[in-house]
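Keep both open and follow the residues as they come up.

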Amino acid sequence: MQLLVMLAIALGMTLVASIFVLLLPLMGVPVTTPAGLRWGQVITSLLAFAVPVLVMTAIYYKGSAREYYGLEISGRTWGVALAGVMAMLLVVPVNEVLTEWNDSWDLGAVGRMLRSIQEQTEGVLDTLMSADTVGGLVANLLVVALTAAVCEELFFRCGIQNLLQRWFRNRHAAVWVAAAVFSIAHGELFSFVPRFVLGVLLGYLYAYGRSPLPNMLAHFVNNAIVVVLYWLVARGVLDIDPEAPLRFPWPLTVGCTIAAVAVMWVTLSGNNRKNSSV
């Protein structure tokens with residue numbers, strides 16, 4: 001019931017956010033400009049992702065919201081956060097391989113239609129990321145990297161994954177289902193697999209880190225890398241296609257993947273033993 005209530009609120013808030021975005025031109029902010037797209041991103045992130053979780057916890061967990069979210073800030077929390085950032089960086093090479101493989105899927109007429117929709121989304125992203133000034137970089141880091149990371153982690157991990165874990169009584173099932181929902185919700189089938197991998201990584205950070213801070217920070221780093229990459233291309237520092245998969249040597253890809261798994265395993269299993277002993 002709590003999950004259904006939260007999803008119902010999210011649907012309603014998505015409609016409200018859409019209305020606000022449609023009203024932006026009346027306030028002198030064209031939605032097709034980078035500034036308009038940033039405002040649309042902030043409005044959608046806050047209303048569609050953050051508000052539903054906050055309202056749901058206010059209804060069902062009044063007085064115990066801190067325990068529900070797992071708002072623990074300690075030395076262990078920062079250790080898990082650092083491990084999460086390291087793992088997020090280490091999975092970049094293998095995720096680039098998965099991106100190229102996922103993008104090669106041939107799904108016939110349906111696939112062509114979905115690919116066309118995804119290309120339109122990527123066109124919007126190009127416009128949003130077209131800023132080549134320091135001010136534009138800061139604005140995109142705040143909106144695309146920070147706001148999106150915090151709001152999405154609230155919804156998909158503190159909201160969906162947390163409730164699924166209480167329902168299933170199995171943290172692994174909750175992590176993987178929430179990661180699938182996280183990837184599907186972005187509406188990009190030809191980026192589903194690499195985003196699913198990131199969702200699993202973020203899910204385990206939350207499940208074992210016992211705090212939303214590590215996954216929010218790791219999510220921010222992942223988004224910030226994309227923002228900085230686009231900015232460097234816009235500035236002419238890099239002459240690459242920011243949407244094209246990067247190619248890393250296979251030994252580096254395999255080594256980084258093993259290192260990412262090792263970092264997550266050692267950090268989270270150790271953190272879980274510490275929590276169990278408390």
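Phe20 touches Ile43 and Leu47, leaving out residues up to four places away in sequence; a contact here means heavy atoms within 4.5 Å. This is a predicted model, in which local features need pLDDT of at least 70, side-chain atom pairs count only at pLDDT 80 or more, and totals for chains, interfaces and linings use all residues. Residues are numbered from 1 along each chain as its sequence is written, and side-chain values use heavy atoms, with hydrogens and water left out.

- Phe20 sits in helix H1 (residues 2–23); helices (H or I, at least four residues) are DSSP runs, numbered from the N terminus.
- Phe20 and Ile43 are 23 residues apart in sequence, and their C-alpha atoms are 7.6 Å apart in space.
- Phe20 is partly exposed, because its relative accessible area is 41%. On this scale buried means under 20%, exposed over 50%, and partly exposed in between (1.4 Å probe, protein chains only).

**How H4 meets H10**

- The axes of helix H4 (residues 75–90) and helix H10 (residues 212–234) come within 8 Å and cross at roughly 30°. Axes are lines fitted to C-alpha atoms, for helices over the stretch in contact, and angles run from 0 to 180 degrees between N-to-C directions.
- H4 and H10 are therefore roughly parallel to each other. Angles under 35 degrees count as roughly parallel, over 145 as roughly antiparallel, 65 to 115 as roughly perpendicular and the rest as oblique.
- H4 passes H10 in a right-handed crossing, meaning that the near helix is turned clockwise from the far one by less than a right angle.
- On the H4 side, the residues that meet H10 include Trp78, Val85 and Met88; on the H10 side, Leu217, Val221 and Ile225 are among them.
- The residues of this contact of H4 with H10 divide into twelve nonpolar, four polar and no charged. Ala, Val, Leu, Ile, Met, Phe, Trp, Tyr, Cys and Pro count as nonpolar, Asp, Glu, Lys and Arg as charged, and the others, Gly among them, as polar.

- Helix H9 (residues 192–209) packs with H10 at an angle of about 155°, and their axes are 7 Å apart.
- That angle makes H9 roughly antiparallel to H10.
- H9 passes H10 in a right-handed crossing.
- Leu198, Leu202, Leu205 and Tyr206 of H9 make the contact with Pro212, Pro214, Asn215, Ala218, His219 and Asn222 of H10.
- By class, the contact of H9 with H10 has seven nonpolar, three polar and no charged residues.
- Helix H5 (residues 92–103) and H9 pack at an angle of about 145°, with their axes 7 Å apart.
- This contact joins Asn95, Leu98, Thr99, Trp101 and Asn102 of H5 to Phe192, Val193, Pro194, Val197 and Leu198 of H9.
- Thr99, found in helix H5, is in contact with Phe190, Pro194 and Pro245, leaving aside neighbours within four places in sequence.

**Asn140 in H7**

- Asn140 has its place in helix H7.
- Asn140 is buried, with a relative accessible area of 2%.
- Apart from neighbours within four places in sequence, Asn140 is in contact with Arg38, Leu128, Met129, Ala131, Ala145 and Val227.

**Cysteines**

- A disulfide is taken as a pair of cysteine sulfur atoms within 2.5 Å, and by this rule the count comes to zero disulfides.
- Cys158 is in no disulfide, and the nearest cysteine sulfur, that of Cys151, is 11 Å away.
- Cys158 is buried, with a relative accessible area of 0%.
- Cys256 is also buried, with a relative accessible area of 14%.

**Two arginines in loops**

- Arg169 lies in the loop between helix H7 (134–168) and helix H8 (171–185).
- Arg169 has a positive phi of about 60° although it is not a glycine. Most residues other than glycine have a negative phi.
- Arg169 is exposed, with a relative accessible area of 76%.
- Arg247 is placed in the loop between H10 and helix H11 (250–277), and Arg247 is exposed, with a relative accessible area of 68%.
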